[in-house]
Amino acid sequence: MALLGLLSAQVQADTAEAINARTKEALQGFEIESPAGAELLEKAVGMLVFPDIVKMGFGVGGEYGEGVLLVDGKPEAYYSTAAGSIGWQLGMQFKATIIAFMTEAALDDFRNREGWQIGVDGSVALIKVGAGGKLDTETAKQPVLGFVFSNRGLMYNLTLEGSKITKLVR
């Protein structure tokens with residue numbers, strides 16, 4: 001966890017304006033990479049976007065990023081995400097994550113919690129894109145959807161379980 005503390009100290013100086021600008025870039029990149037995913041996001045009542053999550057590991061790993069909750073396309077509140085892991089790992093990775101709230105009930109549940117841990121306080125169905133850019137239509141029917149991607153496209157075999165999301169004061 002010391003690694004996670006060091007990592008968060010390095011990146012938590014983001015302003016609301018910087019987060020908003022990187023969020024806009026991430027959403028534009030996502031729309032180009034996955035038109036079907038972007039079409040699904042248009043149906044969301046709100047979305048939490050973490051445009052720059054940094055994951056580092058040397059035996060023990062951690063990740064940290066800051067993002068924004070968008071409702072009706074406008075910033076409502078700012079959040080951080082953090083997670084730790086143990087096991088063989090070495091290196092650094094950058095990714096972006098979108099958590100889409102597809103129902104008002106799911107969005108309200110998220111808003112009404114002090115902190116939100118994926119897999120404990122809420123379940124997020126991780127969307128995978130198959131051949132030809134097709135989305136898994138059964139998964140897409142869930143109330144909370146998650147997309148993980150990088151500048152190389154959607155990422156596979158990842159999990160969001162255990163990520164802790166905390167509201168920031170901006």
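Student: Tyr-79: buried or exposed?
Tutor: Tyr-79 is buried, at 6% relative accessibility. Buried means under 20% relative accessible area, with a 1.4 Å probe and protein chains only. This is a predicted model: local features need pLDDT of at least 70, side-chain atom pairs need 80 or more, and totals for chains, interfaces and linings use all residues. Residues are numbered from 1 along each chain, and side-chain values use heavy atoms, without hydrogens or water.

Student: How many aromatic pairs does the structure hold?
Tutor: Four. Rings pair if their centres lie within 6.5 Å; planes under 30 degrees apart are stacked, over 60 edge-to-face, the rest tilted.

Student: What about Tyr-79 and Phe-110, why is that pair called tilted?
Tutor: Their planes sit at 50°, so the pair is tilted. The ring centres are 5.0 Å apart.

Student: Where in the chain do the two sit?
Tutor: Tyr-79 is in strand 2 (residues 74-101) and Phe-110 is in helix 4. They are 31 residues apart, so the pair links distant parts of the chain. Helices (H or I, at least four residues) and strands (E, at least two) are DSSP runs.

Student: Which other ring pairs with Phe-110?
Tutor: Phe-101. Those centres are also 5.0 Å apart, with planes at 35°, so this pair is tilted too. Phe-101 has a relative accessible area of 0%, and Phe-110 is at 2%. Both count as buried.

Student: Which residues of helix 4 are buried?
Tutor: Ala-106, Leu-107 and Phe-110, in a helix that runs over residues 104-111. They cover an arc of only 100° around the axis, which puts them on the same side of helix 4. The arc is taken from the directions from the axis to the C-beta atoms.

Student: New topic. How many cavities of 30 Å³ or more are there?
Tutor: The search finds two. A cavity is a set of 1 Å grid points where a 1.4 Å probe fits but cannot get out; lining residues have an atom within 4 Å of a point.

Student: What lines the second largest cavity?
Tutor: Tyr-79 and Phe-110 again, with Arg-113, Glu-114, Gly-115, Trp-116, Ile-165 and Thr-166. Strand 3 (115-117) and strand 7 (164-168) each supply at least two of the lining residues.

Student: What is the volume of the second largest cavity?
Tutor: About 30 Å³, counted as the space filled by probe spheres set on the points.

Student: Last one. Where is Ile-19?
Tutor: Ile-19 is in helix 2 (residues 16-33). Ile-19 is buried, at 0%. Pro-75 is 56 residues from Ile-19 in sequence and 9.9 Å away in space, C-alpha to C-alpha.

Terms used
1 Å grid on protein atoms, 1.4 Å probe; cavity = no way out; pocket = protein on both sides within 12 Å on 5 of 7 lines; lining within 4 Å. Buried < 20%, exposed > 50% of the residue type's maximum accessible area, 1.4 Å probe, protein only. Phe/Tyr/Trp six-rings, centres within 6.5 Å; stacked < 30°, edge-to-face > 60°.
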